[in-house]
Amino acid sequence: MPRRVRDMLMAPKAPLFGPNVGALAFLSRQAPCAVVGSRAMSSVPFLNTPEALRQLANQPHTPCQCSLQHCAGWESVSEASWPAQQMQHVATLRDPDVYEPTFEEQHSNGTRYDSADAPVALKFFPYNRCDVYACGKCQQHALRYTEFGGYYVDPRARRLAAELITD
Ligand SMILES: [Zn+2]
């Protein structure tokens, strides 16, 4: 770590007595900004057409032996069970210009949120807030987003199937 950054992180020094209320308020204000900032600076491309996503999904791959093979539809995949060491973040479906993407879902053929054959509808929930990952072992792609409840976060993942991608 560069020394200048480390010095910035070390300051301000907390006093040895009593809670440093000022520092705590400072940290709680800064933390969310840091997250937003790092996301905005993400270098992966934003895919906004079905064709672009289909191109990724159609890349040659082998039958999936990784832990995502059961995620034909959306499944909860905790941080602990997500195979992070072999998943590469390759793209995002989140439009950087849209602050709050719609929560509306698209199911023109009577599918449900977690159906294995639900369409991958780019402009609809939850695809409009997904990141795209590639498995380093089988070269298949997976979509991922985080479901936010009142008191919990629930990371969800779904294997990407080219034939289900729609606008
Ligand atoms: Zn795999």
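Author: In what follows, helices (H or I, at least four residues) and strands (E, at least two) are DSSP runs, numbered from the N terminus. The model is predicted.

Reader: How many Å separate proline 63 and cysteine 138 in space?

Author: In sequence, proline 63 and cysteine 138 are 75 residues apart. From C-alpha to C-alpha, the spacing between proline 63 and cysteine 138 is 6.5 Å.

Reader: Which strands stand at the edges of the open sheet?

Author: The open sheet has 5 strands in the order β1-β6-β5-β4-β2, and the pairing is antiparallel. A strand with a single partner has one side left without a neighbour in the sheet, and therefore the edge strands are β1 and β2.

Reader: Which residue is the bridge partner of glutamate 75 in β6?

Author: β1 pairs with strand β6 (residues 153–159) in the antiparallel sense, over 2 bridges. Within β6, the bridge partner of glutamate 75 is alanine 157.

Reader: Which element gives the largest share of the largest nonpolar core?

Author: The largest nonpolar core has 24 residues, and those with the most contacts inside it include Val132 and Ala157. Two or more residues come from each of α3 (50–57), β2 (87–92), β3 (120–121), β4 (131–135) and β5 (141–148). The largest share, 4 residues, comes from β4.

Reader: Which residues does valine 132 touch, not counting residues up to four places away in sequence?

Author: Valine 132 is among the residues with the most contacts inside the largest nonpolar core. Leaving out residues up to four places away in sequence, valine 132 touches Leu56, Val90, Ala91, Thr92, Leu93, His141 and Leu143.

Reader: What is omega for the peptide bond from phenylalanine 125 to proline 126?

Author: Proline 126 belongs to the loop between β3 and β4. Most peptide bonds are trans. The bond from phenylalanine 125 to proline 126 is cis, with omega near -5 degrees.

Reader: What is the phi of glutamine 139?

Author: Glutamine 139 lies in the loop between β4 and β5, and with 12 C-beta neighbours inside 10 Å this residue counts as exposed. Most residues other than glycine have a negative phi. Although glutamine 139 is not a glycine, its phi is positive, at about 65 degrees.

How values were computed:
Residues are numbered from 1 along each chain as its sequence is written. This is a predicted model: local features need pLDDT of at least 70, side-chain atom pairs count only at pLDDT 80 or more; totals for chains, interfaces and linings use all residues. A nonpolar core is a set of buried Ala, Val, Leu, Ile, Met, Phe, Trp, Tyr and Cys residues joined through C-beta atoms within 7 Å. A residue is buried if 20 or more other C-beta atoms lie within 10 Å of its own, exposed if 12 or fewer, and partly exposed in between; C-beta atoms are placed from the backbone. Two residues are in contact if their C-beta atoms, placed from the backbone, lie within 7 Å. Two strands pair if DSSP finds at least two bridges between them.
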